[in-house]
Amino acid sequence: LAGEPAFKTVPFNNHAIDEDLKRHPEIAMLQRQVEVADTDTLIAKANKQTDWSVEFAFQERGPAFSNMVSVGIAIPLQWDQKNRQDREVAAKAALADRARAQQDDALRNHVAEVRSMLNEWENGLERITRYERELLPLAQARTQAALAAYRGGKGDLNAVLAARKNEIEMRTQVLQLNADTARTWAQLNFLMPAEEHAAHDDPAAAKEAK
C-alpha cells in the first residue's frame, strides 16, 4: 500500500478562499456563462446602432454602350426601437445578470462549505496533536507504572489490565481521528482540480507546465 497522504496541508489559503474557489470547475463553468451572456448583451447593444454600408460597382460594357459606374448606400431603418432593439438589449442584460447571480450564489455556497470543512479539518489536527503530545503519552506512562508496580509486587493484575485497556482505547480514538481528518482533507482536495494543487504547492512549476 502507498504511504500515508499528506493530509496536514490543504490546497486552500484560509485568507483567499474566494479567489481559490474561482478555479473550481463549477464556478469556472458559470464564469464562462457570464462571459457569453455579457457578449450577447454587447452584440444586442451594437445592433441598435445604424450600420451604414456603401457599395461601389464598375461595369465595362460593349462598344454600343458606355461603361457604367454605380454607387449604392444602404441605411438600415431602426423601426420601433423601444419595442424591438431596446427590449432585446434588456432581455440579454437580464440573462447576464441572472448568470452573474447564479455564479455569486454558487461561490458563496462553496465558500461556506469550504470554511466549514476547513474548521473541521483544523479541529481534527488540533485534537490529534493533543492526543499524541499529552493524552497518549500519559496513558502509556500509566500502563508502564501499573506494570512496574505489578512486577514489584505492589499492584494487582486488574490495575495493569485497566491501564492497558485505557491506552488501547486512546490509540483507537487517535486512529479514528486520523481517519476522520483525512476524510475531510480528501473532500477539500476533491474541490480543486489536480493541476490547481500543483499551482498551489509550486506556482513556478505549474507555470512551466502550462
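**Exercise 1. Decide whether Gln 103 is buried or exposed in this predicted model, and find what it touches.**

Step 1: Gln 103 sits in helix 3, which covers residues 85-151.

Step 2: Check the accessibility. Gln 103 has a relative accessibility of 11%, and buried means under 20%. Gln 103 therefore counts as buried.

Step 3: Look for its partners. Leaving out residues up to four places away in sequence, Gln 103 touches Ile 27, Leu 30, Gln 31 and Val 34.

**Exercise 2. Describe helix 4: what is its span, and which of its residues are buried?**

Step 1: Count and span. Helix 4 runs over residues 157-190, which makes 34 residues. From first C-alpha to last it reaches 49 Å, close to the 50 Å expected at 1.5 Å a residue.

Step 2: List the buried positions. Among them are Val 160, Ala 163, Glu 167, Met 170, Val 174, Leu 177, Thr 181, Thr 184 and Leu 188.

Step 3: Think about the spacing. An α-helix has 3.6 residues a turn, so residues three or four places apart point the same way.

**Exercise 3. Step back to the whole protein chain: what is its pattern of helices and strands, and how much of it is buried?**

Step 1: Tally the elements. There are six helices and two strands, and along the sequence they follow the pattern α-α-β-β-α-α-α-α.

Step 2: Turn to burial and surface. Of the 210 residues, 25% count as buried. The accessible surface comes to about 15000 Å², with 54% of it belonging to carbon and sulfur atoms.

Step 3: Consider the contacts. Among those with a separation of 6 or more, 72% join residues 24 or more positions apart.

**Exercise 4. Where in the protein chain is confidence lowest, and where is it highest?**

Step 1: Start with the average. The chain has a mean pLDDT of 80, and 80% of the residues score at least 70.

Step 2: Helix 4 is highest, at a mean of 91, while helix 6 (residues 203-209) is lowest, at 41.

Step 3: Look around helix 6. Over residues 201-210 the pLDDT is below 50, and this stretch has three contacts in the model beyond near neighbours in sequence.

Key. Residues are numbered from 1 along each chain as its sequence is written. This is a predicted model: local features need pLDDT of at least 70, side-chain atom pairs count only at pLDDT 80 or more; totals for chains, interfaces and linings use all residues. Side-chain values use heavy atoms; hydrogens and water are left out. Helices (H or I, at least four residues) and strands (E, at least two) are DSSP runs, numbered from the N terminus. Buried means under 20% relative accessible area, exposed over 50%, partly exposed in between (1.4 Å probe, protein chains only). Contact means heavy atoms within 4.5 Å. Accessible areas come from the Shrake-Rupley method with a 1.4 Å probe; for residues, only the protein chains shown count as cover. The expected span of a helix is 1.5 Å times one less than its number of residues. pLDDT is the predictor's confidence in each residue, from 0 to 100.
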